[in-house]
Amino acid sequence: MGRKKTGNFTVAKSITLNLSTAAFLEEQCVKNNSKLSPYINNLVEQERQRIENIDPRPKDFCSACSEMTPHNKDFTCGECSKYNEALKKRVDLYIKSGR
């Protein structure tokens, strides 16, 4: 499947790119004096970190923080941990309306 090479496990790879993407990658590699594989690895790693840092909790307005913040299932703010009574009331109204 691959061979050991300087601490990195390499594998054969084949991807299909459109012409403009290939030209962009070539331009960036020339500009950064970099090879294509390390450049693409860096892009993938940056995207992986971005995706892993996305908070899956729903956001709602927190009056204590005065901004949209992620909230926990117990209606507490994910930033300041204060209970959000307004969110609880909205959820209760939604449930009572039968939606």
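**Overall architecture**

The model is predicted. Its secondary structure comes to three helices and four strands. Along the sequence these elements follow the pattern β-β-α-α-β-β-α. The chain has 99 residues, of which 14% count as buried. It exposes about 8,500 Å². Carbon and sulfur atoms supply 54% of that area. Contacts between residues at least 6 apart in sequence were also sorted by separation: 5% of them join residues at least 24 apart.

**Salt bridges**

Side chains of opposite charge can pair when their charged atoms come close. A search of the whole structure finds four salt bridges.

| Salt bridge | N to O distance |
|---|---|
| Arg 48 – Glu 45 | 3.0 Å |
| Arg 50 – Glu 47 | 2.6 Å |
| Arg 90 – Asp 60 | 2.5 Å |

**Two pairs in helix H2**

Helix H2 spans residues 36–52 and holds both Arg 48 and Glu 45. Arg 48 has a relative accessible area of 44% and is partly exposed. Glu 45 is partly exposed as well, at 32%.

Arg 50 and Glu 47 also sit in helix H2. They too are three residues apart, and about one helical turn lies between them. The closest N and O atoms of this pair are 2.6 Å apart. Arg 50 is partly exposed, with a relative accessible area of 47%. The value for Glu 47 is 35%, again partly exposed.

**A pair between helix H3 and strand S3**

Which parts of the chain does the salt bridge between Arg 90 and Asp 60 connect? The side chains of Arg 90 and Asp 60 meet at 2.5 Å, N to O. Arg 90 lies in helix H3, residues 85–96. Asp 60 belongs to strand S3, residues 59–62. The pair therefore ties together parts that are 30 residues apart in sequence.

Are the two partners buried or exposed? Arg 90 is partly exposed, with a relative accessible area of 42%. Asp 60 has a relative accessible area of 14%. The cut-off for buried is under 20%, so Asp 60 is buried.

**In brief**

Arg 90 and Asp 60 link helix H3 to strand S3.

Key. Residues are numbered from 1 along each chain as its sequence is written. This is a predicted model: local features need pLDDT of at least 70, side-chain atom pairs count only at pLDDT 80 or more; totals for chains, interfaces and linings use all residues. Side-chain values use heavy atoms; hydrogens and water are left out. Buried means under 20% relative accessible area, exposed over 50%, partly exposed in between (1.4 Å probe, protein chains only). Contact means heavy atoms within 4.5 Å. Accessible areas come from the Shrake-Rupley method with a 1.4 Å probe; for residues, only the protein chains shown count as cover.
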